[in-house]
Amino acid sequence: MDDHTQPAAVRARGIVKSFGTGDTQVTVLRGIDLDIYLGEMLLLVGESGGGKTTLLSAIAGILDIDAGDIDVLGVPLSRLPPGKRTVFRGQTMGFIYQQFNLLPALTAAENVAIPLLIQKIGRHEAIQRARAMLDRVGLEDRTEFLPKNLSGGQQQRVAIARALVNEPRLLICDEPTAALDGPNGQKVMALLREVGRSPDRCVVVVTHDSRVFQYGDRMARLTDGRIVGIESIVREGTA
Amino acid sequence: MNYVALKMLFGDRAKYLMLLCGLTFSVMLIVQQGSIFWGLMMWSQASISNVNVPIWVTDPGIAQVDEVKPIASTAVDRVRSVDGVEWAVPLYKGLLRARLASGDYHQITLTGLESSTLIGRPAEVLEGRFEDILQPDAVVLDQWAVERMGGPGIVTVGTIFELNDKLARVVAIAKTQKSFTNIPVVYTTYERALRYVPRERRALSYVLAKAKDGLVVDDVIQRIREQTGLGAFTEEDFGVKTIMWVLKNTGIGINFGTTILLGFIVGMAIAGQTFYLFTVENLRQFGALKAMGASGLTLARMILLQAFTVGLTGYGLGIGLATVFGFLTARGGSLPFVETWQLLLLVLIALLTICAVSALISIVKLARLEPAIVFR
């Protein structure tokens, strides 16, 4: 996948990000250059504190960077004012979190419908589309369940359905398998892989879990705020 | 997103109930205490409202209606001669002791009405005919006099008692508003009232008057003041003057004001703290919404909707409970409880302030929230 025919969905150049000031200042990203292409799943891996999540937040436009440029789908995201960035994020990105972040008082279908409601789509239509999305992730019989009545794997699948219901072109995933057991983690990654294969979408996954590396197309390794290597992942039978 | 906001609010049942209880209690306390306070103020000017005339002419130095400062009997004619006065009649008001047949004494307020017009009489008569007050030795009691003097079994139409060793015969029972001092009222004619009381150089308590139709009452009052040298007030102004005297010379205002303020502070503290906790505990969820594209304005609207929903629910419940309290305890006018729309409006404003401040604290917290919190 090094020789990409697809355009870059994310183009990051010279990204620098520090936290704190004076003696306590810590530079977390030290000049990151990275391209992520449509139709691929990129894994961001590396040791804890290496800057993976910070880079993910910067790509998602939910964290201001100190220097550099990030273009997402041709839009200079890092230079957009916060309000426009929020709107852009809502229209083009989906998020999957380690802790799921489902609203406990809402049913699975209502949780999935949230991105549509944010886009001011009517509640009835949003719920219908949310149910259809839950059907796609195999939770058609759990649409009216509250998160507390779902297993961890089911909750993450609800989160995936929520991330996909808006048909985002960029899917941002932070440790999506961290709270799941092995088999559930594999299922979730397979689902994300399927999304990543779509030619007009791409998936970025921060993960520690080496058991799921096989699902990615490329893997960028971060150490001490720098990308120390990007490699294509060779799967069994595809080498 | 309104739907999501409300589901979030109702979903955290414990906090929702705590918020609701705090606001309900706060509203109930403010409405209950405010209504009792206003009821007491109404009682304090009962002597004015029971007479129900447009203009009161008094001694110029009068402080309040129950502190009678007699004026010269010529004042009636002097007021009548003022341009713009349609009519003017005398009113006697004074304290006296009634001696029942049983030998019991009761302090009463003797009210003497001008006999040809009976202006100042109560509007409602419960028993007998008020006009029979013109019969010899006739008096009319109010319902509180019956209650204070032993009840309907002892005092009724036909009962005879003594006022200053002179005979008084009850011919009717009238309905009046209870007064602040709760002293029973005995009505008779002005001339007979002067016969009941010990002789004084000045016996006239007030002159009651009315301006001619089409004239500005305040102008006529000003002319009465200028031409007679007496005090003159509209019914409303005299009532306000009396209320202000009570507030200034008793601890009622401070006592009730403190309780009402406490209700406000308790409501503010409970609502503010609980609502803030509610927001803080949902920070990750709000962060997730922000990451998914919810603007700061959307989140602020959600918070305001939550705050005002629970606030208005608490407002309704608090008013309901206070009204039930008033209905149960103040039935028949035996306790002061006057729930006015002005009080309810003030409480609504106070409650909306509590909700707005509580919501504002949370909104500020959310405005500073980095959506990146969801990745931590």
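Modeller: Happy to. Let us begin with helix H10 of chain B, residues 283-291: eight of its nine residues are buried, so the rest of the structure largely encloses this helix. Please keep in mind throughout that this is a predicted model. The buried residues of H10(B) are Leu283(B), Gln285(B), Phe286(B), Gly287(B), Ala288(B), Leu289(B), Lys290(B) and Ala291(B). Notice that Gln285(B) and Lys290(B) are among them. After H10(B) comes Gly293(B), which has a positive phi, near 115 degrees.

H10(B) also turns up when you look from the other chain. Helix H2 of chain A, residues 82-92, has as its buried residues Arg85(A), Thr86(A), Phe88(A), Arg89(A), Gly90(A) and Thr92(A). The cover over these residues includes H10 of chain B, together with several elements of chain A: helix H1 (52-60), S4, S5, S6 and strand S7 (170-174).

Leu73(A) sits in the loop between strand S4 (67-72) and strand S5 (75-76) of chain A. Its phi is positive, near 50 degrees, and Leu73(A) is not a glycine. With a relative accessibility of 23%, Leu73(A) counts as partly exposed.

Thr107(A) is buried, at 10% relative accessibility. Setting aside neighbours within four places in sequence, the contacts of Thr107(A) are with Thr143(A), Glu144(A), Phe145(A) and Leu146(A).

A buried loop residue can be found in chain B too. Leu204(B) is placed in the loop between helix H6 (190-196) and strand S9 (206-211), and at 1% relative accessibility it counts as buried. Its C-alpha atom is separated by 8.9 Å from that of Thr74(B), although the two residues are 130 residues apart along the chain. Apart from neighbours within four places in sequence, Leu204(B) touches Pro70(B), Ile71(B), Ala72(B), Ser73(B), Ala75(B), Val76(B), Pro90(B), Leu91(B) and Tyr190(B).

In chain B, helix H9 (residues 252-281) packs with helix H12 (residues 341-367) at an angle of about 30 degrees, and their axes are 9 Å apart. H9(B) and H12(B) are therefore roughly parallel to each other, and their crossing is right-handed. On the H9(B) side, the contact is made by Phe264(B), Gly267(B), Met268(B), Ala271(B), Gly272(B), Phe275(B), Tyr276(B), Thr279(B) and Val280(B). H12(B) contributes Ala350(B), Ile354(B), Val357(B), Ser358(B), Ala359(B), Ile361(B), Ser362(B), Lys365(B) and Leu366(B). By type, the residues of this contact are twelve nonpolar, five polar and one charged.

Helix H5 (residues 152-164) and helix H6 (residues 182-196) of chain A cross at roughly 15 degrees, and their axes come within 10 Å. That angle makes H5(A) roughly parallel to H6(A), and the crossing of H5(A) and H6(A) is right-handed. The contact brings together Gly153(A), Gln156(A), Arg157(A), Ile160(A) and Leu164(A) of H5(A) with Asn184(A), Val188(A), Leu191(A), Leu192(A) and Val195(A) of H6(A). The residues here divide into six nonpolar, three polar and one charged.

One last stop, on cysteines. The count of disulfides over all chains is zero. For Cys21(B), the closest cysteine sulfur is that of Cys355(B), 15 Å away, which is too far for a bond.

Technical notes: Residues numbered from 1 in each chain as written. Chains lettered and ligands numbered in written order. Predicted model: local features only at pLDDT ≥ 70, side-chain atom pairs only at ≥ 80, totals over all residues. Heavy atoms only, no water. Disulfide = S-S within 2.5 Å. Axes fitted to C-alpha atoms, helices over the stretch in contact; angles between N-to-C directions. Helix = DSSP H or I, 4+ residues; strand = E, 2+ residues; numbered from the N terminus. Parallel < 35°, antiparallel > 145°, perpendicular 65-115°, else oblique. Left-handed = near helix turned anticlockwise from the far one by under 90°. Contact = heavy atoms within 4.5 Å. Nonpolar A, V, L, I, M, F, W, Y, C, P; charged D, E, K, R; others polar. Buried < 20%, exposed > 50% of the residue type's maximum accessible area, 1.4 Å probe, protein only.
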